[in-house]
Amino acid sequence: MSDPGGNCVRVAEKISESQHHRPAPKETFARALHYAAIFTHSREDPAGAAQIIDRVLGLEDERPTPLQEARLLLLRAEAAHQLGDDATAEHMLNTAAGVQLTVEQRDSVRGDLERLTELLAPGQP
């Protein structure tokens, strides 16, 4: 979770005795989400995340699922906000909000939509 000041807190639960990380997904858009999230949250490299997302969203021979598209757009909005480009962040947020999702899928991205909407509200840092 991230607060309006941009501080990120991750809470995790140990799910196995193995301390080895799972390999990155093989599927194009799942892999892009995986690495873009790492660049945005762990490496604090929103520009790197933006490059990953822009490249994968620009593919012409493959398309993400609607849920993948929404998640990529929301992550791109977050990266743009971190880079001080709120016009792009707002565009990505609006585009993500327009993606046709099932009720369950919409629920799974609701927190990110709400958090980014608050971050981009006038008067927010």
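This section describes the helical architecture, helix packing and salt bridges of a predicted model.

Residues are numbered from 1 along each chain as its sequence is written, and side-chain values use heavy atoms, with hydrogens and water left out. Because the model is predicted, local features need pLDDT of at least 70 and side-chain atom pairs count only at pLDDT 80 or more, whereas totals for chains, interfaces and linings use all residues.

The chain contains five helices and zero strands, where helices (H or I, at least four residues) and strands (E, at least two) are DSSP runs numbered from the N terminus. The order of elements from the N terminus is accordingly α-α-α-α-α. Of the 125 residues in the chain, 34% are buried; buried denotes under 20% relative accessible area, exposed over 50%, and partly exposed the range in between (1.4 Å probe, protein chains only). Among contacts in the chain with a separation of 6 or more, 56% involve residues 24 or more positions apart, a contact being defined by heavy atoms within 4.5 Å.

Helix α1 spans residues 28–42 and includes Thr-40. With a relative accessibility of 3%, Thr-40 is classed as buried. When residues up to four places away in sequence are not counted, Thr-40 touches Asp-45, Ala-49, Leu-75, Glu-78 and Gln-82.

Two packed helices are described by the angle between their axes and the distance between the axes. Here, axes are lines fitted to C-alpha atoms, for helices over the stretch in contact, and angles between N-to-C directions run from 0 to 180 degrees. For helix α2 (residues 46–57) and helix α3 (residues 66–82), the axes come within 9 Å and cross at roughly 145 degrees. The crossing of α2 with α3 is left-handed, a term applied if the near helix is turned anticlockwise from the far one by less than a right angle, with right-handed used if the turn is clockwise. On the α2 side, the contact is formed by Pro-46, Ala-49, Ala-50, Ile-53, Asp-54, Val-56 and Leu-57. These residues meet Leu-72, Leu-73, Leu-75, Arg-76, Ala-79 and Gln-82 of α3. By residue class, the contact of α2 with α3 comprises 10 nonpolar, one polar and two charged residues; Ala, Val, Leu, Ile, Met, Phe, Trp, Tyr, Cys and Pro count as nonpolar, Asp, Glu, Lys and Arg as charged, and the others, Gly among them, as polar.

Helix α3 also packs against helix α4 (residues 86–97), their axes coming within 8 Å and crossing at roughly 165 degrees. This makes α3 roughly antiparallel to α4, given that angles under 35 degrees count as roughly parallel, over 145 as roughly antiparallel, 65 to 115 as roughly perpendicular and the rest as oblique. The α3 and α4 crossing is left-handed. Ala-70, Leu-73, Leu-74, Arg-76, Ala-77, Ala-80 and His-81 are the α3 residues that meet α4. Their partners in α4 are Asp-86, Thr-88, Ala-89, Met-92, Leu-93, Thr-95 and Ala-96. The contact of α3 with α4 divides into nine nonpolar, three polar and two charged residues. His-81, located in helix α3, is buried at a relative accessible area of 16%. The C-alpha atom of His-81 lies 8.8 Å from that of Leu-116, a residue 35 positions apart along the chain.

Side chains of opposite charge can pair when their charged atoms come close. Four salt bridges are counted under the criterion of a side-chain nitrogen of Lys or Arg within 4 Å of a carboxyl oxygen of Asp or Glu. One of them joins the side chains of Arg-76 and Asp-54, with an N to O distance of 2.8 Å. Arg-76 lies in helix α3 and Asp-54 in helix α2, so this pair ties together parts that are 22 residues apart in sequence. Arg-76 is buried at 10% relative accessibility, whereas Asp-54 is partly exposed at 38%.

Helix α5 (residues 103–119) holds Asp-107 and Arg-110, which are three residues apart and therefore separated by about one helical turn. Their side chains form a salt bridge of 2.4 Å, N to O. Asp-107 is partly exposed, with a relative accessible area of 42%, and Arg-110 is likewise partly exposed, at 36%. A further salt bridge connects Asp-112 with Arg-115, whose closest N and O atoms are 3.5 Å apart. Both residues belong to helix α5, where they are three residues, or about one turn, apart. Asp-112 is partly exposed at 34% relative accessibility, while Arg-115 is buried at 15%. Asp-112 and Arg-115 are linked with Glu-78 in a network of salt bridges.
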